[in-house]
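Hi everyone, thanks for coming.

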Amino acid sequence: MSESRSRFESSLDDLGVTVSRTDEGALPATIDDAITQPAVGASLGLDGEPLAETAVDVDPTPAALREATTGVTAAGLAVADYGSLVLTMDDRGSELVGLFVAEHVVVLRESDLLPDMDATIDTLERRITDASESAILATGPSATADMGELVLGAHGPKDVHLVVVGEGE
Amino acid sequence: MGSADKLRELMRTEGAAIAANTQGFNDGRYRSVAKLDDYESRKREARAIKEDAIERLPELLDELTDTVEANGGTVYVADDDADANDYISDVVAERDAERVVKSKSMTSEEIEINAALEADGVDVVETDLGEWVLQVADEAPSHIVAPAIHKSREDIADLFNATFDPETPLETAAELTAFAREKLGELIVDADVGITGANFIAADTGTMALVTSEGNARKTVAATDTHVAVAGVEKIVPSVSDLAPFVELIGRSGTGQDITSYVSLLTPPVATPVVDFADDETPLSEFESDREFHLVLVDNGRLEMRDDEQLKETLYCIRCSACSNACANFQSVGGHGFGGETYSGGIATGWEAGIEGLDTAAEFNDLCTGCSRCVDACPVGIDIPWINTVVRDRRNREQTQPAEWLVDGLVPDEEDEGTPLQKRFFGNFETVARLASLTAPLSNWLAETSLSRWAMASALGVDPRRELPSFERETFVDWFASRESTVTDPDRHAVVYPDLYTNHVRTDRGKAAVKALEALDVDVVVPPVASSGRAPLSQGMVATATDHAERVVETLAPHVEAGRDVVVIEPSDHAMFQREYEKLLGDAEFASLAEHSYEIMEYVYGRLDNGADPAPLETVENEALAYHSHCQQRTLGLEAHTVAVLEELGYDVATSDVECCGMAGSFGYKSDYYEVSMDVGGRLRTQLRDSDVRDRQVVASGTSCCEQIDALLERRPRHPIRLLTE
C-alpha cells in the first residue's frame, strides 16, 4: 500500500489538492482546521458521526448551502494513479454539498485507496451492479480553459482539501 | 465566397486562437499518453470494445432499454432529429418547464434541440462556459470538445462587456470565468429540466459516463427534477467494466489531460435529493429524490452507417478531438473551415456523410490530405484518412460534370466520368510525368510560360504561385539500365522501387540510394514499375489506385518470391505498401509486399544493425543537420531510423516536430488551398529558423516536403540518403 500512497500523494500534489492526515480520534479537530466558515456538510456515514463534533452545519437547508464557503463530504474510494476521489451520490445530499461551494473538504479512509483505474472500475462495477449506485470520479478542482486560458474553479469548487483518516497512526 | 477566400478570412480572424489552442492540446496529448505505460494495449482494448458493441448494437439497445426501464427511467430511440426534438419538447411541455439548462453535447447540437425548444417559448441556457460564450455570440462551435476554441480571451472580454455592460469591465480569464459562473449559477438553480449528453452508456446497468471539467453537467443533473440525456445510439458499450480504458484514454487523447476533473458515472435515477434552493427550513436529506429520467438515443443515419462497410468505423469514434488537434490543416483553419453542420476535424467526414449526406461532407473533405497523423492519435484506431478517401471517391462518382477532352485524352483512368478535372489531373500524375520526361527540357520550359500557367490555373486550379517540378530527361530506371553493378559478393538482394518522383524528377536520390546500398553489399535492381497509386488515391480515385496497386504487385511479387527485399525512397509510397494496399489488394498480396518492403533509411539502418561495414559510407565530424521527417513515415514509426543512421555517420541531428509540412502531395499546388498550405508550412519554417537550427543544412524524406521547404527557405533541402555517398 505504501507505493500506492506515495503515488497518490504525488498525484494530489500535481493537482493542487492539499492533504492532511489524521486518525479517527483527531478527525473532528482536523476538519475544523480545514474548513472556512460558513461550512456545511453531509453525513460522512462513519461510526459516531464525526461531523457532529465539528463547527460544520450538518445536513443544511438549501439556503444555507448556497451561503456556504466550504462543503464537507466523504469519498468512498480514491485512485492512487490519478489522485481521483470517488464521490458518492446519496440521499444525504453529498453531491450538492460538494458541488455548490468554493471549497470542498473530502474525507477518505486510507483503506479505501485503490492503486489504479482498473481496480477502481472493478470495485465500482460491483457496487453499481448490486445497488445501482452513482458516483463521480473527481480529480482536482473544477476547471475550464474556455475563457482563453486555464482557470481553476469553474462551476464547481476552486479548492479541494483531502483529509485522510489512517488506522492507528 | 470561394474556398480560398473563405479559408483566408478564417485564418485571418480565427487562425491565431485556433493554432495556439489546438497545438496546446496536441502537445498535451503527446505528454499525457507517454505517461500511460500500457497506452497501445489500452487503445487495442478500447477498439475491441467498440467493434464488439457496434457489431451487437441492436441486441445491446434492447438490453439497455430493459435495464433503464427496470431502474425506473424511460428510453426513446429517435429515428432522426425531428423525432428526437418532438419527444424532448413533449417532455419539457409535460413538465411545464420555463427553463432548460444544458451541459455540452454534440448530439444535441446535431439535432438542434435549442431551436426546437425556443420555438416553444422555453428559455434554453447552455451552461458549459464555451458553449455559453457561443450562445451569447450566436456562433457555431469550431471544435468538438472546446467549442469556442476560435475565440481569444480578448474576444470574449469584448463580447461580455458589450453584451452585459458590467460595472467594471471584465479583462482576465479568471474575471470572465467568475462572471459566467455567477450568472449561470443563478439560472441553473431555478431551472426545471436538465439536458446532458452521454459519452458512454453501459447496457448491463444503464450507467452513463459523462466526461467533463467545469462541474456544469453535475449541476445540470443535481439542480433539476427532470434529466434528459441525449446520445447517439453508438454510445452504448456492453458493460460498466468496459468503461476503464475509455476513462483513461479520452482526456489524454483530446485535451491532453490524464483525466478530466469530473467523470460522472450516473445510474439514474440518482439518489441526490431534488431541492428547492430558496428553502431555508428543510434539511437537504428530507427532500425526496423523485427525479424523472429520459434517455433519448438518436439514430439519425447511424444504423445505416453500421451496414456500410466503409463508414462503419466512424461509429467507434468517442469524440475526443485527437484527430482535429493532430491535423496540421485543422490547426490552421479550425472547425469553421474543416467541418460540416455539426462535427469537425478528420472524422467529421464520416459523421457528416452518414448523418447529413455526401454533399455536406464534400464541402470540407478535401482538407484531409491523407497525411495520416490522426491515425496513431485516434484512441480507437480509426483509419480516418481512408474514410475521407472513400467519401471523396463516392462524391467523385456522383457528380455529373462531363470529363474534359484535355485531361481525358492524357489520362486514361478507371474513374467514372464525374470525377472533377483537377482531381483527374493530379490523380494521373504518372502519365503527366512520363510525357514530361520524354519531352524534357522542352516540357519544363513550356510549363513555365505565362500562357501555360494561366491555362493550368483556370482549367486545373494549379496555383500560379507554386514552382512546378522540373522533369529529368533521363529517368532513374533508364540511368540504372545503362550501368553495371559494383557488388561482386552480395549479402542481400533488393529492388529499389522507382517511385514517380524519384524516376522522373528527383533522380539524384535514386542514384544515391543505389550507391549506398551497393556500398553495403546489396545487389540492386531497378525494374520499371507502375507508380504506387498514391496520387489517384489522394484524389479519391480508388479504382485507379487499385489498378496501380495490382500492377505494382504484378511486377514486384516475382522479385519478392526470388528473395529480394523491396526498398522504397518516397515515404508516401512506402506507406501505400504498408497501409493502404491492405484496402486495395487481397490479404496475401498485401501481407507479402508489406512484410518485405522497407523505407530506404530503415533498410540502411537494418544493414548496419546486422553488422554491415559502414566504412564505405561518407562520415562527418559532428556536423550540424536539421531533419524534417515525413508525416506518413512518422505514422509508421520510421523517423527514428533515419536519425539513428545520420547520427552514426557523425551528424548532430535536430528534428522538426510539426505534424506536416503542409504540401501533402498535390494539396499545396491547388489554388483553393495554397494559402492554407503556406500557413501550415509557416510553422515548419519557424522551427527551421530557430536560433540553433537556422544555419544547419536541411534534409527531408518526402518529395512534397522538399518542395515545400524549398518554397519556405533559402536553404535547399535534400533527401538524407544523399548524405551517405556524396
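**A quick tour**

Buried residues account for 63% of the 726 residues in chain B. Keep in mind that what you're looking at is a predicted model. Chain B has 36 helices and 17 strands, and its C-alpha atoms fill a box of roughly 100 × 55 × 50 Å along the principal axes. How does the radius of gyration of chain B fit with a compact globule? A compact globule with 726 residues would come out near 27 Å, and chain B has 28 Å, so the two agree.

Now to the surface of chain B. There's a patch of negative charge there, and its members include B:Asp79, B:Asp120 and B:Glu363. Which helix gives the most to the negative patch? That's α5 of chain B, residues 81-94, with four residues.

Most residues other than glycine have a negative phi, and most peptide bonds are trans. B:Ser321, though, has a positive phi near 85°, and so does B:Asp521, near 60°. B:Ser321 is buried, at 2% relative accessible area, while B:Asp521 is partly exposed at 35%. You'll find B:Asp521 in the loop between α27 and β12.

Last, the cis peptide bonds. One runs from A:Gln37 to A:Pro38, with omega near -5°; A:Pro38 is in the loop between α2 and β2 of chain A. Another joins B:Pro268 and B:Pro269, with omega about 5°.

Conventions:
Residues numbered from 1 in each chain as written. Chains lettered and ligands numbered in written order. Predicted model: local features only at pLDDT ≥ 70, side-chain atom pairs only at ≥ 80, totals over all residues. Heavy atoms only, no water. Patch = residues over 30% accessible without salt bridge, like charges linked within 9 Å, V, L, I, M, F, W, Y side chains within 5 Å. Areas by Shrake-Rupley, 256 points an atom, 1.4 Å probe, with all protein chains shown as cover. Salt bridge = Lys/Arg side-chain N within 4 Å of Asp/Glu carboxyl O. Lys, Arg positive; Asp, Glu negative; His and termini not counted. Charge placed at Lys NZ, Arg CZ, Asp CG, Glu CD. Helix = DSSP H or I, 4+ residues; strand = E, 2+ residues; numbered from the N terminus. Rg over C-alpha atoms; globule rule 2.2 N^0.38 Å. Buried < 20%, exposed > 50% of the residue type's maximum accessible area, 1.4 Å probe, protein only.
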